[in-house]
Amino acid sequence: MARITLDSLAHSYSPAPGAEGDWALKPMSLTWRDGGAYALLGSSGCGKTTLLNIISGLLHPTRGRVLFGDRDVTDQPTAARNIAQVFQFPVVYDTMTVRQNLAFPLRNRGLPADRIAARVDAVARMIGMQDALDRRAQGLTPDAKQKISLGRGMVRQDVNAILFDEPLTVIDPQMKWELRTQLKALHREFGHTMIYVTHDQTEALTFADEVVVMSEGRVVQAGTPQSLFDAPAHTFVGYFIGSPGMNLLDAQVSGGTALVAGTTIPLAAPYAAPKGRVQIGIRPDAARPSAGEGLPFRLIRTEDVGHHRILRGEVAGAPFNLVVPEDQPILAGFDRVTLDPARIGVFVDDWRIEPLERAA
Ligand SMILES: Nc1ncnc2c1ncn2[C@@H]1O[C@H](COP(=O)(O)OP(=O)(O)OP(=O)(O)O)[C@@H](O)[C@H]1O
């Protein structure tokens, strides 16, 4: 296993990149600790696969270096990097049994038969396929084949890292939940450095200790799931993480207040008068239905989603959602919302800014 460092990495598919738009990856530097579980999260086309391919050696970066531990591997081919990869679609040998498929990477390394057998048994147990070990892969469902791919990715203990590229795409929704939980358990048990690419926030947040959120080729924030939720550094993170995402409202901020469409809102701490496009952001569970006090709210529809309700509507012409506990009655005369000052973030040109001082 190894610590992975991305040092001033940037990539363009164009032979002569000029404008910012020519860069599939904008300059980024990150360090991932040995044994950590990381997710690369972002919508389609944001550069996740490009970054993963640079780490695995399938792609040479236009700029910057990749280090495994203290070793610069930028110019090394994939085979020399000692990594395991699990792709979106299963890669299994149909004519082999499940056992032979799982054992394949270990046989390649010339491990003794007893160690191979023990390891294959352990992995088969973790992926729930111990009863199918002697079946041929041919004829198994795509789910089962992908489980074999996952198992094969994890069978070697001496790899520097395991890279997963949207590995649950072909898995049916119910099984997804189970495999996600298993992957987390596998990480705990085996302690590999794992990098997991996904566009699905639930997958990223349940799997990773740290999530790297990408947008348009840029790393907009890297942090724990909790920190992304509580203090998104960018409006994209606020909107992309959470269900529904963060509410964003254009505002004028001055000192300890924000003015939104003529209504003054108290903030928890004063801000220096920011210049640029100023927005306040608030999570749907940090806004409360109110009658007579707060921002005028127009309710469009209510969605019952089990243990809570989502009230979808508008504030000052912008979409605005509230999440309220299922048992909380809707207030008579509900036509406004109040915001918890401690949970309001202030964003300038999409980036979060800090207050001058935090209220004690
Ligand atoms: N081989 C290539 N040649 C030229 N441009 C490419 C190539 N591969 C990717 N790109 C471009 O680079 C950008 C990043 O693509 P990338 O596949 O890394 O994104 P992604 O986040 O993995 O998306 P997806 O989830 O759809 O795979 C996109 O604009 C894409 O069109």
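Student: Where is Ala-261 found?
Tutor: Ala-261 sits in the loop between β12 (252–260) and β13 (263–271). Strands here are DSSP runs of E, at least two residues; helices are runs of H or I, at least four residues; both are numbered from the N terminus.

Student: And what is phi of Ala-261 near?
Tutor: Near 45 degrees, a positive value in a residue other than glycine.

Student: What kind of model is this?
Tutor: This is a predicted model, where local features need pLDDT of at least 70, side-chain atom pairs count only at pLDDT 80 or more, and totals for chains, interfaces and linings use all residues. Residues are numbered from 1 along each chain as its sequence is written.

Student: What pLDDT does the protein chain average?
Tutor: The average is 93, and 99% of the residues score at least 70. pLDDT is the predictor's confidence in each residue, from 0 to 100. For the complex, the predictor gives an ipTM of 0.97 and a pTM of 0.91.

Student: On to the ligand. Which residues are around it?
Tutor: Tyr-13, Ala-24, Gly-42, Ser-44, Gly-45, Cys-46, Gly-47, Lys-48, Thr-49, Thr-50 and His-199. Each has its C-beta atom, placed from the backbone, within 6 Å of the ligand.

Student: Which helix gives the most to that shell?
Tutor: Helix α1 (residues 48–56), with three residues.

Student: How do the residues of the shell divide?
Tutor: Three are nonpolar, seven polar and one charged. Ala, Val, Leu, Ile, Met, Phe, Trp, Tyr, Cys and Pro count as nonpolar; Asp, Glu, Lys and Arg as charged; the others, Gly among them, as polar.

Student: Now helix packing. At what angle do the axes of α2 and α4 cross?
Tutor: The axes of α2 and helix α4 (residues 142–155) cross at roughly 30 degrees and come within 8 Å. Axes are lines fitted to C-alpha atoms, for helices over the stretch in contact, and angles run from 0 to 180 degrees between N-to-C directions. So α2 is roughly parallel to α4. Angles under 35 degrees count that way, over 145 as roughly antiparallel, 65 to 115 as roughly perpendicular and the rest as oblique.

Student: Which residues meet there?
Tutor: Val-98, Asn-101, Leu-102, Phe-104, Pro-105 and Leu-106 in α2 face Ile-148, Gly-151, Arg-152 and Val-155 in α4. Contact requires C-beta atoms, placed from the backbone, within 7 Å. By class, that is seven nonpolar, two polar and one charged.

Student: What about α2 and α3: at what angle do they cross?
Tutor: Roughly 130 degrees, with the axes of α2 (residues 98–108) and α3 (residues 113–126) coming within 10 Å. The two helices are therefore oblique to each other.

Student: Which residues of α2 meet α3?
Tutor: Arg-99, Leu-102, Ala-103, Leu-106 and Arg-107. On α3, the partners are Ile-116, Arg-119, Val-120, Val-123 and Ala-124. This contact has seven nonpolar, no polar and three charged residues.

Student: How do α3 and α4 pack?
Tutor: At about 135 degrees, with their axes 10 Å apart. That makes α3 oblique to α4. Arg-119, Val-120, Val-123 and Ala-124 in α3 meet Gly-151, Met-154 and Val-155 in α4. The contact divides into five nonpolar, one polar and one charged.

Student: Last topic: which peptide bond is cis?
Tutor: The bond from Ser-243 to Pro-244 is cis, with omega near -5 degrees. Pro-244 lies in the loop between α8 (235–240) and β11 (247–250).

Notes: Contact = placed C-beta atoms within 7 Å.
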